[in-house]
Amino acid sequence: MRFLRLCGIVRKGVCVAARHLETLTDEMMKNIEIISASAGSGKTHELTRIMVEEVVQKKTVRPDAILATTFTKKAASELKERIFQDLLAEGRPREAQRLGASRIGTVNSVCGRIISDFAFDLGLSPDLRVL
């Protein structure tokens with residue numbers, strides 16, 4: 001299993017905050033790659049390229065299994081739209097349609113959705129609100 005975190009995106013795994021990296025084993029660490037990039041450096045373009053490559057060429061990622069976080073709604077929308085359009089351009093309408101079940105959004109929206117989806121397992125009400 002390979003984890004990749006590129007300014008808010010994680011492939012095949014769970015998002016791990018940098019402050020918690022010391023709790024991971026050496027075996028886990030060799031599967032995690034963290035890349036930092038500044039605004040305007042082409043993150044969305046690179047993330048789109050990686051996701052489409054993984055879905056189309058390598059076939060290692062299902063579109064509905066993508067978990068990607070950003071800091072703004074605009075960036076999340078742009079990322080999802082670019083992946084969708086690139087999958088269509090690659091002649092993969094079925095995969096593009098399955099992208100609708102992915103978890104692409106802001107950090108708050110993605111985490112909130114995961115907590116809500118698993119609220120009963122956590123012993124919480126699924127009707128959660130941010131205070």
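Student: Which residues have the most contacts inside the largest nonpolar core?

Tutor: The largest nonpolar core of this predicted model has 15 residues. Such a core is a set of buried Ala, Val, Leu, Ile, Met, Phe, Trp, Tyr and Cys residues joined through side-chain atoms within 4.5 Å; buried means under 20% relative accessible area, exposed over 50%, and partly exposed in between (1.4 Å probe, protein chains only). Those with the most contacts inside the core are Ile66, Leu79, Ile83, Leu87 and Ile104.

Student: Which element gives the most residues to this core?

Tutor: Helices (H or I, at least four residues) and strands (E, at least two) are DSSP runs, numbered from the N terminus. Helix 2 (43–57) and helix 3 (73–89) are the elements that give two or more residues to the core. With six residues, the most is given by helix 2.

Student: How far apart are the end C-alpha atoms of helix 2?

Tutor: The expected span of a helix is 1.5 Å times one less than its number of residues. Helix 2 has 15 residues, so it should span 21 Å. The model agrees, with its end C-alpha atoms separated by 20 Å.

Student: Is glutamate 95 buried or exposed?

Tutor: Glutamate 95 lies in helix 4. Not counting residues up to four places away in sequence, glutamate 95 is in contact (heavy atoms within 4.5 Å) with Val55, Pro63 and Leu87. Because its relative accessibility is 19%, glutamate 95 counts as buried.

Student: What separates the C-alpha atoms of alanine 65 and serine 102?

Tutor: Alanine 65 sits in the loop between helix 2 and strand 4 (67–70). Alanine 65 is partly exposed because its relative accessible area is 42%. Alanine 65 and serine 102 are 37 residues apart along the chain, while their C-alpha atoms are separated by 5.6 Å.

Student: Where is confidence lowest in the chain?

Tutor: The chain averages a pLDDT (the predictor's confidence in each residue, from 0 to 100) of 76, and 71% of the residues score at least 70. Confidence is highest in helix 4 (residues 93–98), at a mean of 94. At a mean of 41, it is lowest in strand 2 (residues 9–10).

Student: Which stretch has a pLDDT below 50?

Tutor: Residues are numbered from 1 along each chain as its sequence is written, and side-chain values use heavy atoms, with hydrogens and water left out. In this predicted model, local features need pLDDT of at least 70 and side-chain atom pairs count only at pLDDT 80 or more, whereas totals for chains, interfaces and linings use all residues. Where pLDDT is low, the predicted coordinates should not be read in detail. The stretch with a pLDDT below 50, which has 51 contacts beyond near neighbours in sequence, is residues 1–19.
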